[in-house]
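Morning, everyone. Please look at the screen, and then I will walk you through a few spots.

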Amino acid sequence: MVYKQLKDVCKINMGQSPESSSYNESGDGIPFFQGNADFGERYPVTRVWCNSPKKTAESGDILISVRAPIGALNYAKEKCCIGRGLAAITPDKEQVSSDFIFWMLKGKNEELNRKGTGSTFKAIGRKALEEIVVPDISFSKQKLYADNLEKTYSIIQMRKQELQTLDDLIKARFVEMFGDPNDTKAQSNNRYKIGELCDVTKLAGFEFTEYINYQDSGEIIMLRGLNCKKGKLVLDNVKYIDKETSLKLPRSRLYYGDILMTYAGTIGDVAMVDEDDKYHLAPNVAKISIVEKEKVNPIFLIHLFMYSHDYIMTFASQVAQASINMQKIRDFEYIIPYMDEQMKFADFVQEVDKSKVVVQKALDEI
């Protein structure tokens, strides 16, 4: 197959930050997008305007993030100012279609990230974009491939929406049964501090420096903050320790029903351990182990934490970086309903989770 470089079929316009005095939130000027944080599902979300732009993109241009995370894509829906975190790509419509270039760039994400340089934040320059190779194929094939990928993308989005709808259903059921857990004014005799029901611990700093040596494979998974999302364990980016090391860290051993909560930087991300003797605790994650098992169910508790993030953040310290110490977690105070109500909710969650497994399997296959 014959290939061309991206610079041969597209105009590449690297972004540049305008003067800070030209930023505004009052709608004066044109929309200003600084980077990936402004991106939506397909089009960027306007939060800031600029009345004296240095670099602009036109309606229909492809916007690509050139600073971490590298490679995120959106379309410009109107003329806009682009900061140094973005580049605008204007396809030569006599040679290539915009949709084909858009999907081709999505397929180059890993390649572009490998080319990223920088010690703090990875970034790519014009040269990395210019050298991207583009298949020199007919417009009919470009349209066929882009259409197929667009249809696949639409199905993926539909499956993701189904999962979100099921998550929303669980939350609605929780609030229906127990009310808003962020409401600290609600009265009840069944009010407990987490420290009265659970043991709250973390991996000590000396234990980390003395024993931990992360590996890319092994017997025991070290659960870090990035592995805790929306009440579930996310295991697509994990580190391991060997069995011998795990034996030196008995306090960080995890068992079914233990709840993990991030307490530094990103606060309040939670997950529940689903298996014994498979995981250990990493730093910056608190372990909440239920002691009063006749009073609280782990499935109920994990959702209580998930839906009370606003309340949890009232305990956060903002010195240097946001954080919560173990005593503050012990001081979280909630209304804990009777166990039979908790079990009804847990049964409901498990039934909905069966539907989520089916949808997730379909999404994985797509």
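Where is the place of Asn-13? Asn-13 sits in strand β2, residues 10-14. One caution before I go on: this is a predicted model.

Stay with Asn-13. Is Asn-13 buried or exposed? Its relative accessibility is 16%, so Asn-13 counts as buried. The Asn-13 side chain has a contact, too: it reaches the backbone oxygen of Thr-56 at 2.8 Å.

Next, the sheet. Four strands make up an open sheet, ordered β13-β21-β18-β19, with antiparallel pairing. Which strands stand at the edges? Those are β13 (198-201) and β19 (266-272). Each has a single partner strand, so one side of each is left without a neighbour in the sheet. From one strand to the next, the twist averages 20 degrees. Now take β18, residues 259-264, and β21, residues 285-290. These two run antiparallel and are joined by four bridges. For a landmark, find Thr-262: it stands opposite Val-285 in β21.

On to a helix. Helix α9 covers residues 298-306. Eight of its nine residues are buried, so α9 is largely enclosed by the rest of the structure. Among the buried ones are Ile-299, Phe-300, Leu-301 and His-303. What caps the N-terminal end of α9? Asn-297 does, placing a side-chain oxygen 2.8 Å from the backbone nitrogen of Ile-299.

Now salt bridges. How many does the structure hold? There are 17. I will pick out a few.

Start with Lys-54 and Glu-19. Their closest N and O atoms are 3.4 Å apart. Lys-54 lies in the loop between β5 (49-50) and β6 (56-57), and Glu-19 in the loop between β2 and β3 (23-24), so this pair ties together parts that are 35 residues apart in sequence. Lys-54 itself is partly exposed, at 41% relative accessible area.

Then Glu-111 and Lys-108. Their side chains meet in a salt bridge at 3.7 Å, N to O. Glu-111 is partly exposed, at 21%. Lys-108 is buried, at 14%.

Third, Lys-143 and Asp-147. Here the N to O distance is 2.7 Å. Both residues lie in helix α5, residues 139-178, four residues apart, about one turn of the helix. Why does that spacing matter? An α-helix has 3.6 residues a turn, so residues three or four places apart point the same way. Lys-143 is exposed, with a relative accessible area of 53%. Asp-147 is partly exposed, at 30%.

There is also a network. Salt bridges link Asp-167, Lys-232, Asp-353 and Lys-356.

Two backbone details. First, the peptide bond from Ala-68 to Pro-69: cis, with omega near -5 degrees. Pro-69 lies in the loop between β7 (62-65) and β8 (73-75). Second, Lys-230. Its phi is near 50 degrees, a positive value in a residue other than glycine. Lys-230 lies in the loop between β15 (228-229) and β16 (232-233), and it is exposed, with 64% relative accessible area.

Last, the surface. Which residues form a nonpolar patch there? Met-1, Tyr-3 and Val-133 do, with about 340 Å² of accessible area together. Val-133 belongs to strand β11, residues 133-135. At 34% relative accessibility, Val-133 counts as partly exposed.

That is the tour. Over to you.

How values were computed. Residues are numbered from 1 along each chain as its sequence is written. This is a predicted model: local features need pLDDT of at least 70, side-chain atom pairs count only at pLDDT 80 or more; totals for chains, interfaces and linings use all residues. Side-chain values use heavy atoms; hydrogens and water are left out. Patches are made of residues with over 30% relative accessible area and no salt bridge: like charges are joined within 9 Å, nonpolar side chains (Val, Leu, Ile, Met, Phe, Trp, Tyr) within 5 Å. Accessible areas come from the Shrake-Rupley method with a 1.4 Å probe; for residues, only the protein chains shown count as cover. A salt bridge is a side-chain nitrogen of Lys or Arg within 4 Å of a carboxyl oxygen of Asp or Glu. Buried means under 20% relative accessible area, exposed over 50%, partly exposed in between (1.4 Å probe, protein chains only). A polar contact is a pair of N or O atoms within 3.5 Å; within protein, one must be able to donate a hydrogen and the other to accept it, and residues adjacent in sequence count only if both atoms are side-chain atoms. Two strands pair if DSSP finds at least two bridges between them. Axes are lines fitted to C-alpha atoms, for helices over the stretch in contact, and angles run from 0 to 180 degrees between N-to-C directions.
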